[in-house]
Each structure stands twice: as C-alpha cells, then as structure tokens.
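Hi,

Here is the structure I promised to pass on. Have a look at it first, then read my notes below.

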Amino acid sequence: MAENPIVPLRLGGLELANNLIQAPLAGFSSPPFRLLAWTFGRPGLLATEMISANALRQGSDSQERYLAKSPGEGPVMYQIWGADPGAVGFAAARVTERGAAAVDLNCGCPVRKVRAAGAGSKLLENPPLIGRLVRAMRKNTSLPLSIKIRLGPSGDHFNAVEIARIAEAEGADWLTVHGRHAREAYGTPCRHGEIRRVVEAARLPVIGNGDVRDGRGAREMFVRAGVAGAMIGRACLGAPWVFARVKAECAGGTWRPPVPAEVGEALLRHHDLLAGQLGPGLAIRQSRKLGAFYSKSLAGAREFRNRLNLCQARDELAELIRECFR
Ligand SMILES: Cc1cc2nc3c(=O)[nH]c(=O)nc-3n(C[C@H](O)[C@H](O)[C@H](O)COP(=O)(O)O)c2cc1C
C-alpha cells in the first residue's frame, strides 16, 4: 500500500499533530465552526475567516467578533487582510495578544471590495508590497507567519515563485498556494503541477490548497504537488468530519460517513454554539445558511431547505431536524 501522506508537521515554531489545515472561510470559519472541525476531525491547524486590518486598527466591534475563540478548540491561525503595512503590522500584534497560534496574510481573495482596497488577490500584482506587508507583520509578532497566495494575477502571469522568495526573505515561515490564478473560479480544476513548481523553487514549506475533499484528493495533492501539507476549504462546509475522513482514507482504511441523525445532531450543535456566541437571532439566520450544506446528501434536501428558511427559533429548527434527518 502507498505510504500515508498524513504526518506531523513543523511550521515555524509550531508543531502540528498532522499536516491537514482547515482553510479560512469568510462567513463560516467562526469559533463554533472551528470547534466542530476540531472535535470531529482534529486537523493540525484551524483558521479564522479573514479579518480586516484597517477595521481592527479603527477599533471596529464587528472585527472583535472574529478575534474570539471557543474554549477547547485547537491551534488557530488568524488571517489578516489589508494592503497598508501599518495596519497589518498593528493587526498582527493584536491577534498575537488574543492568542493566535500563527498569523497569515491573505493574498488570494478575489472579492471586489477587497481588491478595490488593493488587498487580497490584487496584491499578487505587486510582490514588493507583499514583501513590505510581511516585513511589517514580522516586526510585530514572533508567531509563526505565513501568506496565502494564488498562482499569480492571471493565466499568463505565474509569479508565485517570485512571491515565495520575497516572503521568505522578509521572514515568513511558510506559504499556502491555492492552485488557481486570481481570475480563475472554482470551475477550473486546481493546478497541482504549478503548485509543484513553487514547492521545487521555494525553501519554505508549501501547503497546497484546492479541491481536496477526501483521501483520494488529498493523496493527489501530496503526490502531484509534493506539498508539505494540504489545506481544505469548501469540503468542511456541513462536514466538520472531513479531516477524519481524509485521515482514515489516506491510512488505507474505510470511512463510515455519519448517518443522517448524526448529521442533524451536528447541525443543531453548530446552531447552539452560534447562539452562545452571537445570540439567538443571528444564530438562526446563520443556521439557515449552514443547513444547506449539512443537508447536501440528505434525501428530501429541497423540502428541508424550504422549511428551514421559515424557521424563526431553535425549537422549530430542532423539530425540523428531528423530522428530516432520519
Ligand atoms: C465561502 C468561502 C469563503 C472563503 N473565505 C476565505 C477567506 O476568508 N480567506 C481566504 O484566504 N480564502 C477564503 N476562501 C478560499 C478558501 O480558503 C480556499 O482557498 C478555496 O476555497 C479553495 O480550497 P477548496 O477547494 O478546498 O475549497 C473562501 C472560500 C469560500 C468558498
């Protein structure tokens, strides 16, 4: 049998129990989400959603929410977005005080608002600025530090290797490469070969990201791209056990997917944790969004979602889950 690619990993000063990392997911990777991923799947590292450096510096309450952690969750990498070295330096210091295990700079987000601020994937057009941002973060934290990039700003401009070298020179400890360029959407498959080019040219450890949802996908990432670790994003949505699945399948075992009642219980638990963090009103709204993911493979998913959208309170949600997840 092929060797198991899931192994412990050292990143900067961080000793991770395994080389699977939960991806930052805006609108999702809240403390409850991370606690469930940790409880069900024990990835080596968890991640916040992206946190605005400018908003943090301005003392915005909404960003404070992103700094919270759940008691009992594992090590958390805090991801910062911004394009102003002063602000990202400030943010790096702030998340360090708040108990981050590592700090990451977002250099891959394609969302218009983020790019308009010169941040996220827009930074790929300006590698020297990435260097200044990493330097500012390095000055303000002694935590392990990484950047998360895409392959380049566009299909005819692959500059991930140049960026890797700059980040390394400014004190980054590793980089995560999402195997698409900035203009590519999820319809284009992840380019393992181009991630490998970064792995081969960079001295820093490289984490590969893109399209990993099971053991086969993880193995493909490790074998084709030659990465030190794999980051998993969308496959965690509604499936906090994805890391357990990947581990079991990579070890050559079989994975027993949770039965519908277990999936329903996880959704209700997710809701209850959110209610503890955000209060009942916001929690029920978020649970409507989450329910769509948890019900992905449910027979009668459409009816469940239609009724979920009408749920106003926990009791109704609990009853609906009891009825539908059997
Ligand atoms: C809903 C959603 C939110 C995301 N938010 C972030 C984010 O805050 N920061 C980031 O670096 N990437 C973000 N991403 C990108 C993912 O981290 C990841 O790079 C991408 O989904 C590819 O990995 P996957 O194929 O495993 O999903 C987001 C993706 C999705 C679908």
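A quick definition to start: I call a residue near a molecule if its C-beta atom, placed from the backbone, lies within 6 Å of it. Around the ligand there are 22 residues, and Ala23, Pro24, Met50, Gly233 and Arg234 come nearest. That shell divides into 10 nonpolar, 8 polar and 4 charged residues. Here Ala, Val, Leu, Ile, Met, Phe, Trp, Tyr, Cys and Pro count as nonpolar, Asp, Glu, Lys and Arg as charged, and the others, Gly among them, as polar.

Two things to keep in mind. This is a predicted model, where local features need pLDDT of at least 70 and side-chain atom pairs count only at pLDDT 80 or more, while totals for chains, interfaces and linings use all residues. Residues are numbered from 1 along each chain as its sequence is written.

Now the overall build. The protein has 14 helices and 10 strands (DSSP runs numbered from the N terminus: H or I with at least four residues for helices, E with at least two for strands).

Where they meet, 10 residues of domain 1 are in contact with 10 of domain 2, contact being C-beta atoms, placed from the backbone, within 7 Å. On the domain 1 side, those residues are 7 nonpolar, 3 polar and no charged.

What about the inside? Buried residues make up 51% of the 326. Buried takes 20 or more other C-beta atoms within 10 Å of a residue's own, exposed 12 or fewer, and partly exposed is in between, with C-beta atoms placed from the backbone. The largest nonpolar core has 103 residues, with Ile80 and Val103 making the most contacts inside it. (Such a core is a set of buried Ala, Val, Leu, Ile, Met, Phe, Trp, Tyr and Cys residues joined through C-beta atoms within 7 Å.) Helix H4 (residues 85-97) gives the most to this core, with 6 residues.

Finally, why does Ala313 count as exposed? Because Ala313 has 11 C-beta neighbours inside 10 Å. Look for Ala313 in the loop between helix H13 (301-308) and helix H14 (314-324).

Cheers

Technical notes: Contact = placed C-beta atoms within 7 Å.
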